[in-house]
Amino acid sequence: MNEILQVKNLKKYFPAAGGTLHAVDDVTLSINYGETMGVVGESGCGKSTLGKTILRLIQPTAGEILFEGQDITFIDQKKFKALRPKMQMIFQDPMSSLNPRMSVSQQIAEPLCIFKVFDSREALYNRVLELMDTVGLARRYFDTYPHELDGGRRQRIGIARALALNPKLIICDEPVSALDVLIQAQILNLLQDLQKEHGLSYMFITHNLSVVKHISNTICVMYLGQIVELCNTKELFGKTLHPYTQALLSAIPIPSLKNRREKMLLKGELSSPVNPKDACRFAPRCPYAKEACHNSSPELVDVGGSHKVACHFVKEINGI
Ligand code: SF4
């Protein structure tokens, strides 16, 4: 078995004013051992909800989540506790995910204490130092507090906490979007090095397609709770097929005066994820929308290679 994670027709709905909010709607994907899947989309597209549902931080509505072949979709939290060390999360804003009253060492030691990994204080102390070294956090910060550190160092604490229990899968929820560009590059490099060293698998959630270009094996693009394009990274950047992904890609600045890319500006309103009708959810903003797009929702279908796209007119639009 190559897949560490398989998600099949996963749904997460929330009650909302006027109906039901379809935050994650029929999502199917898989992540191979030692690989990274980038999950990309605008704020509110359901990507973070997808990550939290997979980790059972919120309860799924329907579908299947298989971790190393084991169905974990609805297992009770007591049973899931045994799996928790293998599946960890790195959060977007390190300041709000850390406890301001705990020192760096206490934050890193916390998961080890909860799971009673060590019998002696000395072994715990040594493991915390080892984790600080692993994530490049100088030992002089052992007794400092999050507010005394910059964003990059705070995120390193979050990464050390996620690594503490030797996980196999880490869901990184916008781990660099609160950081400046230079620090972003450092954290991305660190995550890649850790992946090579520890054979980790990542789901990397971001709103920025360019961030995942160099670290993902596959990319899944989400729009209003659904996957609209899914394929390996090379193919996605070589031939972007869905109009929404094309718009996302056109928004990435190219640092060259000669090779300018024409920006595809999206007009129109985002449709509501509450009681969505049977139609393409991107139709109100899609420059290629036709009547059929407003009357039926496109399925995510194979269009060759590793490429899957949800668009009624993908062949016509791209001449394939
Ligand atoms: Fe655009 Fe229609 Fe394709 Fe949706 S199905 S992306 S509206 S062309």
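Modeller: Met37 stands opposite Thr218, a residue of strand 9. The model is a predicted one, in which local features need pLDDT of at least 70, side-chain atom pairs count only at pLDDT 80 or more, and totals for chains, interfaces and linings use all residues. Numbering starts from 1 along each chain as its sequence is written, and side-chain values use heavy atoms, with hydrogens and water left out.

Met37 belongs to strand 3, which comprises residues 36–40; a strand here is a DSSP run of E with at least two residues, numbered from the N terminus. Two strands are said to pair if DSSP finds at least two bridges between them. Strand 3 pairs with strand 9 (residues 218–223) in the parallel sense, over 4 bridges. Strand 8 (residues 201–206) is also a parallel partner of strand 3, joined to it by 5 bridges. In that pairing, Thr36 lies opposite Tyr202 of strand 8.

The side chains of a regular strand alternate between the two faces of the sheet. Buried denotes under 20% relative accessible area, with exposed set at over 50% and partly exposed in between, using a 1.4 Å probe and protein chains only. Because 5 of the 5 residues of strand 3 are buried, the strand is largely enclosed by the rest of the structure.
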